[in-house]
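Have a look at the sequence and the model, then read on.

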Amino acid sequence: MHLEKLINMEIKKAKKQDCKRVYSLVSILKENLDYNKFKLSFDNNICKDGVFYYILWENNNPVGFISVVINYQLHHADKVATIEELVINKQYQAKIMEQCY
């Protein structure tokens, strides 16, 4: 893979104003996702301790999203990080695959 072709990428913590961008990415995982319900959840969760939302950007375009929740789990008796959503847009997936082969 030619990593130099992927250099223009950044991972940034999502902000409240990124809701529509995140919605467009998460909609890849679930069609017909109700935007108003999504926005309520996004706005509620983005300011919670232990909830982390990050966007992958390439050339100032959002191409991926990950949400991570960190909380205590009884069976570990410690904090555990769980990836709840992970999505890369389909065009970007194809671009990565082209560079791999």
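Helix H1 covers residues 19–26, and its buried residues are Cys19, Val22, Leu25 and Val26. Viewed down the axis of H1, these residues fall within an arc of 125°, so they line one face of the helix; that arc is taken from the directions running from the helix axis to the C-beta atoms. "Buried" here is under 20% relative accessible area, with exposed over 50% and partly exposed in between (1.4 Å probe, protein chains only). An α-helix has 3.6 residues a turn, so residues three or four places apart point the same way.

A word on the model itself: it is predicted, so local features need pLDDT of at least 70, side-chain atom pairs count only at pLDDT 80 or more, and totals for chains, interfaces and linings use all residues. Residues are numbered from 1 along each chain as its sequence is written, and side-chain values use heavy atoms, leaving out hydrogens and water.

Now the whole protein. It has three helices and four strands, in the order β-α-α-β-β-β-α along the sequence. Helices (H or I, at least four residues) and strands (E, at least two) are DSSP runs, numbered from the N terminus. Of the 101 residues, 31% are buried. The C-alpha trace spans about 45 × 35 × 20 Å along its principal axes. Among contacts (heavy atoms within 4.5 Å) with a separation of 6 or more, 50% join residues 24 or more positions apart.
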